[in-house]
Every structure is written in structure tokens, then in C-alpha cells.
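Hi,

Here is the structure I promised to hand over. Have a look at it first, and my notes follow below.

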Amino acid sequence: MIGDAICNRLLRSDPKMQPMQQAGAPSKDMQSSLSTGCRVFEAPASRSGRRLLRSRDRKYVIKEISRFQVEALVAMSNYAENHGGALTASGDAVVSVPVYSDALRRVVVLPNAELPATHGLFPGRWRAVGSSGPNRYGPWDSKPAEGDQQAFAAPYLFPFMIEWEIELESWEGWRGRVLRMLHEVVDFFDARNLVGYSIHIALFERSEVFPATDMDALASQSPSCTFSPDCKVRHRRCLALCFKVIDTFTPYDGRRKLKDWFSALTSPRRGRRWSDYGRKTKQFAGCLSSVRTQEQCAGYLKQ
């Protein structure tokens, strides 16, 4: 199969490999997962046409991208290594950091953000909402443009949040931690002229009814998640909405600016998709606080 062949190719060493062509040696855990094989799968909102694969144990996602995109990821990894191992002072928890980037093979390997463990949630205690029933809610691959918050065979993000009465303004850790980290990361990407990234949003629930949860402990082990108010109440349903910024490798270069200009010319209502991307992303993240009560969020309600 195609997926298995790509996984096998990743596991083979190559004498042509140069130090600057890859970031992070393949870990034993990654090698073990890929040795079981890979399957091609379709992401909910991918428009790039690039092939996506997932290890058969679902722990890792492998994405085929261009060589210059891999090199952009390597450059960010090098930046982190030269600044104490972090991209930003405190926002790295909401960035999907590659475990392996390979410019020669033109692939990047990432932890699967659909899994509770990727966000620090214990797999035996947390599961994706709807994973054991006929409906699956999310995950959502979210860009700031209206209508760009899609999930595979699931509702759009904002109508779902309204139906479930999810107001992140009242959720534990949203404004004081997760939203602040998202803003910090957007500022980092703005400074490096990067656009086109998405915010991957996954919804989890406690798989059993537990006593009231220690919120400080949850925040410490799962800083990329915000938790519903009922997590503080004994024997109530506890939900976690978890965030990872993905696809952080597209520069706002001349080619992208030309596409922006063409988009504004042919579709005035949509306008320039990539210009001022950081500000738009911050506005989108702000609308997650309470989409129904903010005038600038009205467009998201029309989905």
C-alpha cells in the first residue's frame, strides 16, 4: 500500500542527508509507530492537495509538503534550539511541534492532535466526544475566514458551540491561559511573515463520571486545553476543548500576495485571504469567547 511504502521510506537512513535538511532525529517511539505501517486519510479542511497519512496506531500524522516548507519548519526548530528550546516564552503548548522534519523526503511528522494524550489528557479517562456513538463532533481545522471552521462529517464549529451553549468566556483557563498563548504564538508568526496556519480544535469528555476535578492539576498537565464549568462540580459531565496551531510553514511571499490580489479581484466579498492574517486569527480566537455577544463575530453566525 502507498501509506506503508512511505512509512518504510521514512525508516530507512539515507547517506545523502545533510544536517540542515532535517530537524529532530526519529525517536524510538515514532519509529515503533511507523513500523506498524501507515494509512492515507483525508483531513477535514485540507485544500493543499498534499497527501496525509496516519500511523496505524494513530499516534502520528505524516504530511507530504514541499521542500521549502520543510526547510521553514527546520528554521523554526533551529530558532527554538537557540532560544532555550522554545519558540515563545510560554505559548509553545498550543503549537503542534514536529517530531521530525525531512527536506530530502519532503515530509513532516507530527503527534496526532485528535488524541487526548497529545494534549496531556490521560487516554483511559478522556475520549473524543461522540467517539462511542453514531455522531462525532470535530475535530475542527479552523482558519479565520468565515466558513473556514470545518470538521469531517460534523457540524461547523460556531453553530455547534451555539447548539451546545459553549461560551469559552466562562470555561476554566481560556482567557487567562489558552487565549493568551494563542495571541503570543500569532505574534511570533507575524514577526516571521508566516500565514495560512490553522487552529486545530478537538473536543474531549471524561469517559466516566468522576468526582470534582482538580483544575490546577488539569491545567498543569494539559495547558493547551480549556475546561467546562461542570468540571468543578461533582458527578457532572466534564468537557475539554483543546487547541493546537498546525501548518506553520507558509510565508507571505510574492506568490501568496499575487494570489491574494487575484482573490480580491475575482471575489470581492471574500477579499484578501492572507493579508493581515495574524489580526484576523486573533479576532477569530476572540470570537470563541462568546460568538453571540460580539458584533464583530456576526459573520460566523451565518454558517
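Among contacts in the chain between residues at least 6 apart in sequence, what percentage join residues at least 24 apart? The figure is 69%, where a contact means heavy atoms within 4.5 Å.

Before the details, a word on the basis. This is a predicted model, in which local features need pLDDT of at least 70 and side-chain atom pairs count only at pLDDT 80 or more, while totals for chains, interfaces and linings use all residues. Residues are numbered from 1 along each chain as its sequence is written, and side-chain values use heavy atoms, with hydrogens and water left out.

The overall picture

The chain has 8 helices and 14 strands; these are DSSP runs numbered from the N terminus, with helices being H or I of at least four residues and strands E of at least two. Of its 303 residues, 50% count as buried (under 20% relative accessible area, with exposed over 50% and partly exposed in between, for a 1.4 Å probe and protein chains only). The accessible surface comes to about 14700 Å², and carbon and sulfur atoms account for 52% of that (Shrake-Rupley method with a 1.4 Å probe; for residues, only the protein chains shown count as cover).

Aromatic pairs

You will find 8 aromatic pairs in the structure. Rings of Phe, Tyr and Trp (its six-membered ring) pair if their centres lie within 6.5 Å; planes under 30 degrees apart are stacked, over 60 edge-to-face and the rest tilted. One of the pairs is W174 with F243: the ring centres are 5.4 Å apart and the planes stand at 35 degrees, so this pair is tilted. Because W174 lies in helix α5 (residues 174-191) and F243 in strand β13 (residues 239-246), the pair ties together parts that are 69 residues apart in sequence. Both W174 and F243 are buried.

F188 and F189 make an edge-to-face pair, because their planes are at 70 degrees, with the ring centres 5.7 Å apart.

H200 counts as buried, at 9% relative accessibility. Leaving aside residues up to four places away in sequence, H200 touches A113, E114, P139, W140, C242, F243, K244 and I246.

Helix α5 against helix α8

Helix α5 packs with helix α8 (residues 277-287) at an angle of about 170 degrees, and their axes are 9 Å apart. Axes are lines fitted to C-alpha atoms, for helices over the stretch in contact, and angles run from 0 to 180 degrees between N-to-C directions. That makes the two helices roughly antiparallel (over 145 degrees; under 35 is roughly parallel, 65 to 115 roughly perpendicular and the rest oblique). On the α5 side, W174, L179, L182, H183, V186, D187 and D190 meet G278, R279, T281, K282, A285 and G286 of α8. The residues of this contact divide into 5 nonpolar, 4 polar and 4 charged (Ala, Val, Leu, Ile, Met, Phe, Trp, Tyr, Cys and Pro count as nonpolar, Asp, Glu, Lys and Arg as charged, and the others, Gly among them, as polar).

Two loop residues

E165, in the loop between α4 (157-163) and α5, has a positive phi of about 55 degrees although it is not a glycine. E165 is exposed, with a relative accessible area of 62%. N193, in the loop between α5 and β10 (194-195), is not a glycine either and has a positive phi of about 60 degrees. N193 counts as partly exposed, at 40% relative accessibility.

Best wishes
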